[in-house]
Amino acid sequence: MTLAERETQVVERVPKQLFIGGTWRDPKSGAAFKVEDPSTGSVLCEVADAGTEDGFAALDTAVATQPSWAEYAPRERGEILRRAYELLMQRQDDLALLMTLEMGKPHSEAKGEIAYAADFLRWFSEEAVRIEGGYSISPNGQARFLIMRQPVGPSMLITPWNFPMAMGTRKIGPAVAAGCTMILKPAQQTPLCALALADILREAGLPEGVLSVLPTSEAGGLTEPLLRDGRIRKVSFTGSTAVGRKLLEQSAEQVLRTSMELGGNAPFLVFDDADLDAAVDGAMQAKMRNIGEACTAANRLYVQSGIATEFARKLSDRMGALRLGRGTEEGTEVGPLIDAKAREKVQSLVDDAVNRGARVLVGGSAGDGDGYFYRPTVLADVPQSSELSTTEIFGPVAPIIPFETEEDALGAANETEFGLVSYLYTRDLNRALRVSEKLETGMVGLNQGVVSNPAAPFGGVKHSGLGREGGRVGIEEFLETKYIGVGGV
């Protein structure tokens, strides 16, 4: 079978309808929208376009199913997730190819995301049986306190396009483990991974009505009426801060539980006592994971002035050697950006920095040919006043900003409304602890360029969001605490 034939087969195998009540069905309107291959600009297929009526059909199903699903044995909920984990790993190659086609990342990196996504299902399969309550005696000894944990209830899950499988499992995993029914609204650019995931969960034995998946070209028109309806009890969103604010406003009307994993503007600090080669390796990971299209991507690289020139040279050599290409091609290390708008934004940010005095050491322009490619770019002497310092780049651009003292670095790093993650390279233990404590972010990568792990709490502070996903606390976002006071004991 040729690669082209395999690509066609992988896309054709995915259901293109809406998934509601455990069945595949057409939208009420009969509408569909196109899914594009960002490496060529060509259309891969069309998928069903959910509207408001479809949203309420999914909500009715979620509400009706919630009582019986909440009574499922925790072990059985965990076993469903475990079976889904195994199916994802068995089909890793094909699912990775599907992801590469609709999102653009190289196939080898997409395989890594499938494993990462599967691990969320495995982690929460183990957490399903560890939902604990409590029993205690009142201080005056005249009553007993019973504490129980119960599912929040029907949940709206909204996922982005940059990690189309992992962001789905990071939300679905704890919701299933906790006993919540769900409506998943995937990003318009990447609905195929979500639809494939729904089919796998169905095959793994997820009961009918527990999960609905609604691709749509009109996200606001679908989600807002559901959030204002009053029967949704939880919203979990990953995406931009601007959209997160709107969802918070809509959720406030019904006082909904919310988890918001929003934008980032990650500082990457390199002190002159750092292992320089390790810092460059970490910068490559933090900057180029997912083509730079990640909320955790290193957005501002602050390097102490004594080593800034050498760091810039080493990083430029590495970035300049990366091979651009279609993610399905052997040897491709950097795929396309998601669409033309994303590439235009990256170019605008680079142009602004250059106009303010930054120097282009490598890259600085779009790639040749079809698709939305942008060359890996390193900019030196980037002024703090540039838009790059305040705007999430979401592309393969590494701006290097020199600093003199630890206080200077901390001041610049914290001078942002965002607070998702920061990175720190130093061999001084005291400095490592001191700076880590003072960085205003929810996560810190200390001498490492990747912080994401299903077993660790993921989330930010300030305008980077509310709540945490993953780790022991991930399931807490889908549980309510009920207290029962027992008198006359």
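This is a predicted model: local features need pLDDT of at least 70, side-chain atom pairs count only at pLDDT 80 or more; totals for chains, interfaces and linings use all residues.
Me: Switching topic, where is S155, and is it buried or exposed?
Reply: S155 belongs to strand β7, residues 155-158, and it is buried, with a relative accessible area of 1%.

Me: What does the side chain of S155 reach?
Reply: It reaches the backbone oxygen of G153 at 2.9 Å, where such a pair of N or O atoms must lie within 3.5 Å, with one able to donate a hydrogen and the other to accept it.

Me: Which residues is S155 in contact with, leaving aside its neighbours within four places in sequence?
Reply: With those neighbours set aside, S155 is in contact (heavy atoms within 4.5 Å) with C180, T181, M182, I183, I232, K234 and F478.

Me: How many cavities of 30 Å³ or more does the structure hold?
Reply: There are six of them, a cavity being a set of points on a 1 Å grid over the protein atoms alone where a 1.4 Å probe fits but cannot get out. The largest cavity has about 50 Å³ of space, and the volume is what probe spheres set on the points fill, with points joined across faces, edges and corners.

Me: Which residues line the largest cavity?
Reply: Its lining, meaning residues with an atom within 4 Å of a point, includes R289, Y423 and S452.

Me: What about the second largest cavity, and which strand supplies the largest share of its lining?
Reply: The second largest cavity has a volume of about 40 Å³, and among its lining residues are K171, F458 and R468. Strands β10 (234-238) and β11 (257-261) each supply at least two lining residues, with the largest share, three residues, coming from β11.

Me: How are residues numbered, and what pLDDT do local features need?
Reply: Residues are numbered from 1 along each chain as its sequence is written, and side-chain values use heavy atoms, leaving out hydrogens and water. Local features need pLDDT of at least 70 and side-chain atom pairs count only at 80 or more, whereas totals for chains, interfaces and linings use all residues.

Notes: On a 1 Å grid over the protein atoms alone, a cavity is a set of points where a 1.4 Å probe fits but cannot get out, and a pocket is an open set with protein on both sides within 12 Å along at least five of seven lines; lining residues have an atom within 4 Å of a point. Helices (H or I, at least four residues) and strands (E, at least two) are DSSP runs, numbered from the N terminus. Buried means under 20% relative accessible area, exposed over 50%, partly exposed in between (1.4 Å probe, protein chains only).
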